[in-house]
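Biologist: I would like to go through some local features of a model and learn how to read each one. Please give the general idea, then the case at hand.

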Amino acid sequence: MTHNTPLSPRPLHHLANGRRRLLTTAQLRAHGVSVAETNEQCRPGGPWQQLLPGVVLLHPGPPTSDERLHAVLLYAAREPAAGVPAQPGAGGAHAPGYAEAMITGLAALTLHGFCAAPPLPSLDAIDVLVPRLRRLRTTGCARIVRTTALPTPQQVTGVPVAPVARALADAVAQLTDAGTVRRLLTEAVRGGHCEPAAVVRELTRARLLNRPHVVDAVDSLLAEGRAIAEERLYRMVREHGLPDPVWNVDLRLPGGPHLGGVDAYWPEHAVALELDTRAHRQEDDALWSEYARKREHLERLGITVVHLTPRKLRDSSEQQAAVVRTALMAAGDREPAAYVVVLPR
């Protein structure tokens, strides 16, 4: 016997005693189990079963949720057909053992801890994200989702999972119920999983913003995101001892034009603060131009404009408070600002 001689295919019971009783046919061959032997073990009523093409479950009962997840990944991670070029970044940050495959869609949201996502056993199909040129087909419990730009997966309970924003987009692509879509998007923001702008970017990339029930859900998402950002802003002012501003006001020149609304304004310091809660949709170009014009106009009048994003407020509240405090302290060193009328929004 040489070092290349496969292990004896008998007895086979040692293969079924592992922690996860799931192997590919290639792995079985490496253990010395021939294709004929595998087929015999997978016969109706036999001790094994073929869960997906090339993936064998080494017990006769129904698979657990964990086994279904790993079976889908094993199926999607099979070696590409000859002649298919490797995708950029192969290997790299992606999970070892599963090539570039990762769980996405509703199953991924369940793994991320979403209450609005269904439990894994209730899912008929598990979405798995793979490079666009992989020659795979949807079959059994594996639903193939292709992409030209693979995100970096996150490891959740030992499983490579798409980031929340990408998983949401892949889930929404399969959903027609407006209530379910709204609940998932709202939980993404309210639960602190991601910012609204990241969700809208992925929905835009997936070309889902032409569906009325998705647009309605996005509007609710943006309103939810703004409410959370405003609460963080109030907390930042309170917890870091900043002077109280006037909140949510419109600024006008006396007897003149409307200058625009701001989220907070310190009249005695001529400092205005704006929360940028824009989502990155196509129409945002016009919104950004309007915002830029307003900011330039206010600064020409001697009003300092502090620009904050929800993410900055969430991740670095203390640093953002320091930015505002610096602007307030610098007021005495500037030329007096033009007098403006402050009106409630």
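Biologist: Where is T157 found?

Modeller: T157 is in the loop between strand 7 (154-156) and strand 8 (159-161); strands (E, at least two residues) and helices (H or I, at least four) are DSSP runs, numbered from the N terminus. This is a predicted model, in which local features need pLDDT of at least 70, side-chain atom pairs count only at pLDDT 80 or more, and totals for chains, interfaces and linings use all residues. Residues are numbered from 1 along each chain as its sequence is written, and side-chain values use heavy atoms, with hydrogens and water left out.

Biologist: What is the phi of T157?

Modeller: Most residues other than glycine have a negative phi. T157 is not a glycine, yet its phi is positive, about 50°. N248, in strand 9 (residues 246-252), also is not a glycine and has a positive phi of about 50°.

Biologist: Is T157 buried or exposed?

Modeller: Buried means under 20% relative accessible area, exposed over 50%, and partly exposed in between (1.4 Å probe, protein chains only). T157 has 65% relative accessibility, so it counts as exposed. N248, at 24%, is partly exposed.

Biologist: Which residues of helix 11 are buried?

Modeller: They are Q320, A321, V324, A327 and L328. Seen down the axis of helix 11, these buried residues fall within an arc of 120°, so they line one face of the helix; the arc is that of the directions from the helix axis to the C-beta atoms. On the other side of helix 11, E318, T326 and M329 are exposed.

Biologist: What do the buried residues of helix 11 pack against?

Modeller: With contact taken as heavy atoms within 4.5 Å, their partners are helix 8 (212-239), strand 10 (258-266), strand 11 (271-275), strand 12 (304-308) and helix 10 (310-315).

Biologist: How many disulfides does a search of the whole structure find?

Modeller: A disulfide is a pair of cysteine sulfur atoms within 2.5 Å. The search finds 0. As for individual cysteines, C115 is exposed at 72% relative accessibility, whereas C141 is buried at 9%.

Biologist: Which residues line the largest cavity?

Modeller: On a 1 Å grid over the protein atoms alone, a cavity is a set of points where a 1.4 Å probe fits but cannot get out, and lining residues have an atom within 4 Å of a point. The lining consists of V189, G192, C194, E195, P196, G225, I228, A229, R232, P310 and R314. Helix 8 and helix 10 are the elements that give two or more residues to this lining, and helix 8 has the largest share, 4 residues.

Methods: On a 1 Å grid over the protein atoms alone, a cavity is a set of points where a 1.4 Å probe fits but cannot get out, and a pocket is an open set with protein on both sides within 12 Å along at least five of seven lines; lining residues have an atom within 4 Å of a point.
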